Amino acid sequence: METLQTKFKQFKTIEKEVNESDRTIVHYISTSDKDRTNEVIDPSVIVDTNFKKNPVVLFSHNYDWVIGKSLWGKIDATGYGYLSKTQFANTP
């Protein structure tokens, strides 16, 4: 029987803006950092034209769990990442 190895993942959080009364946050949805599979997506190549037609925000990429909508998205001034402002649904 094969022994399972535990892998530990790390991530960093960068808090940009939180507005509890509007239920909005400004956050990175992609950065130039390596992801958990050691891939990098350069923010400058993100094309969000189709997404902006229906800018829903999903929980864990699950289409059955819409939790809000994206109000806007853009590459930040440094080119480090793609920022978005999300407004969460008024549900628990």
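Predicted model: local features only at pLDDT ≥ 70, side-chain atom pairs only at ≥ 80, totals over all residues.
Start with the aromatic pairs: the structure holds two of them. Rings of Phe, Tyr and Trp (its six-membered ring) pair if their centres lie within 6.5 Å, and planes under 30 degrees apart count as stacked, over 60 as edge-to-face and the rest as tilted. Select Tyr-28 and Tyr-80, an edge-to-face pair at 5.2 Å centre to centre with 85° between the planes. The pair links distant parts of the chain, with Tyr-28 in strand E2 and Tyr-80 in the loop between E4 and E5, 52 residues apart. Both Tyr-28 and Tyr-80 are buried (under 20% relative accessible area; exposed means over 50%, partly exposed in between, with a 1.4 Å probe and protein chains only).

Residues are numbered from 1 along each chain as its sequence is written, and side-chain values use heavy atoms, with hydrogens and water left out.

Now pick the other pair, Phe-59 and Trp-65, which is tilted: 5.6 Å centre to centre and 45° between the planes. Phe-59 counts as partly exposed at 43% relative accessibility, and Trp-65 counts as partly exposed at 45%.

While you're looking at rings, select Trp-72. Lys-74 lies over its face, at 5.0 Å from the ring centre (the rule: NZ of Lys or CZ of Arg within 6 Å of the ring centre and within 35 degrees of the ring normal).

Next, colour strand E5, residues 81-88. Six of its eight residues are buried, so E5 is mostly covered. Strand E2 (residues 24-31) runs antiparallel to E5, joined by seven bridges; strands pair if DSSP finds at least two bridges between them. Strand E4 (residues 62-75) is also antiparallel to E5, again with seven bridges. In that pairing, look for Gly-68 with its bridge partner Phe-88. E4 and E5 form a hairpin with five residues between them, and Gly-79 in the turn has a positive phi of about 80°.

Zoom in on Gly-81 in E5. Is Gly-81 buried or exposed? At 0% relative accessibility, Gly-81 counts as buried. Thr-31 stands opposite Gly-81. Leaving out residues up to four places away in sequence, Gly-81 touches Tyr-28, Ser-30, Thr-31, Pro-43, Lys-74, Ile-75 and Asp-76, where contact means heavy atoms within 4.5 Å.

Last stop: salt bridges. Side chains of opposite charge can pair when their charged atoms come close. How many salt bridges are there? The count comes to two, with a side-chain nitrogen of Lys or Arg required within 4 Å of a carboxyl oxygen of Asp or Glu. Select Lys-85 and Glu-17, whose side chains meet at 4.0 Å, N to O. Lys-85 lies in E5 and Glu-17 in strand E1 (residues 17-19), so the pair ties together parts that are 68 residues apart in sequence. Lys-85 counts as buried at 19% relative accessibility, while Glu-17 is partly exposed at 40%. Finish with Asp-48 and Lys-52, whose salt bridge is 3.4 Å, N to O. Asp-48 counts as buried at 15%, and Lys-52 as partly exposed at 48%.

Technical notes. Helix = DSSP H or I, 4+ residues; strand = E, 2+ residues; numbered from the N terminus.
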